[in-house]
Amino acid sequence: MSGLTEAQVASFHENGYLVLPEYLSSTEVTSLLTETNTLLNDFDLDTHPLTQFTTGDDDTTDHVGDDYFLNSGDKIRFFFEPDAFSQEPDPLTGRAALLKPKNLAVNKIGHSLHSLSEPFKAVSLNERNAAVARSLGFEDPRVLQSMLICKQPSIGGAVPSHQDSEFLYTDPPSAVGWWYALQDAGHGNGTLGMIKGSHKGAKGGHIKRRFVRKSGGVPGTEFIQNEGPSLPKGMEEEKVSDPAEEDLEILNVKAGSLVLIHGNVLHKSEKNTSDRSRYAYTFHVIEGADGWKYDERNWLQPPKEGFSKLFQ
Ligand SMILES: O=C(O)CCC(=O)C(=O)O
């Protein structure tokens, strides 16, 4: 397997992301969509805690952080759109009441599709991705935090601007996101917005905050200041940290495209206000070699056997 060309690697390092059209075949995309629909139709609503995926970016809501979320790192679990619920509880059960069928109310499915679902595993843990990781300089790439992001029509929530290494912090930072469009993603249906070059230290790309489990046995998650290294190896010399002048690229990608996302690059997505869904599958890769340490306060903690190896 050949991995990325030199020009593709250079473009990734220059912009902080790289779009690879037609990375998945139409057969692979169909198989992932079929699996997604099966998962969405088959999960049991009666025993579900109705956990909503909240980002806590408006200071009035907490970020999702219940046990169902915190223990989902090695499971397949379902997180609802806050806008899928009525303001009033269900009069019969007293539980929160969905305004939509469950399959149209889910924000995301996570966080171990790459190990537990055969179709998702096949497009995650393979030689082709190993070759891409090799091109990006990984020594022992480990796969974690896989998610199917649904972005349902009209209620699919926005994802605020963030850097992936805030969520999956290693010392020093090493995360790279693999993001596959399973449906066409463009203006109006909540596509990715990438801030070009914002991963660079000279443009403010340092990891300044981290998303962690609360300390002292208190349930929940929070953002804390990052006291550790803030740039990946090889970028440490970039000390200047002026706020980046936003150079936003709104991506317009076809189903089957892969977007590689540098762990320090700022990116976001808008609410899906269109009448078509925007399904995307994403997982992340971190460096598992000696010299990098996965942080024990990260929201997602490794299973007993460790995170899935990409190099066999
Ligand atoms: O798919 C989206 O809307 C956002 C994905 C994202 O920001 C991420 O995976 O880090």
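# Reading contacts in a predicted model

User: Lys271 counts as partly exposed, at 30% relative accessibility. Which cut-offs define partly exposed?

Analyst: Buried means under 20% relative accessible area, exposed over 50%, and partly exposed lies in between (1.4 Å probe, protein chains only). Now the source. This is a predicted model, so local features need pLDDT of at least 70 and side-chain atom pairs count only at pLDDT 80 or more, while totals for chains, interfaces and linings use all residues. Residues are numbered from 1 along each chain as its sequence is written, and side-chain values use heavy atoms, with hydrogens and water left out.

User: Which residue meets Lys271 in a salt bridge?

Analyst: General idea first: a salt bridge puts a side-chain nitrogen of Lys or Arg within 4 Å of a carboxyl oxygen of Asp or Glu. Here, the partner of Lys271 is Asp83, with N to O at 2.7 Å. Asp83 sits in the loop between β2 (76-80) and β3 (85-89), and Lys271 in the loop between β15 (267-269) and β16 (280-287), 188 residues apart. Helices (H or I, at least four residues) and strands (E, at least two) are DSSP runs, numbered from the N terminus. Asp83 is also partly exposed, at 44%.

User: How many salt bridges does the rule give?

Analyst: The count is 10. Take Lys309 and Asp140, whose closest N and O atoms are 3.5 Å apart. Lys309 lies in β18 (residues 308-309) and Asp140 in the loop between α6 (127-135) and β6 (141-149), so the pair ties together parts 169 residues apart in sequence. Lys309 is partly exposed at 38%, but Asp140 is buried at 14%. A network of salt bridges links Asp140 and Lys309 with Arg142.

User: Is Glu166 buried or exposed?

Analyst: Glu166 is buried, at 4% relative accessibility. Its salt-bridge partner is Arg209, with the closest N and O atoms 3.1 Å apart. The two are 43 residues apart: Arg209 in β11 (residues 209-213), Glu166 in the loop between β7 (159-162) and β8 (170-171). Arg209 is partly exposed, at 30%.

User: Which residues surround the ligand?

Analyst: A residue is near a molecule if one of its heavy atoms lies within 4 Å of it. The shell includes Ile149, Lys151, Val159, Trp179, Leu192, Ser269, Arg278 and Thr282. His162, Asp164 and His267 belong to the shell too. By residue type, the shell divides into 4 nonpolar, 4 polar and 3 charged. β7 and β15 each supply at least two of its residues.

User: Which residues form one aromatic cluster?

Analyst: Tyr23, Phe120, Trp178, Tyr180, Tyr281 and Phe283 do.

Conventions:
Nonpolar A, V, L, I, M, F, W, Y, C, P; charged D, E, K, R; others polar. Phe/Tyr/Trp six-rings, centres within 6.5 Å; stacked < 30°, edge-to-face > 60°.
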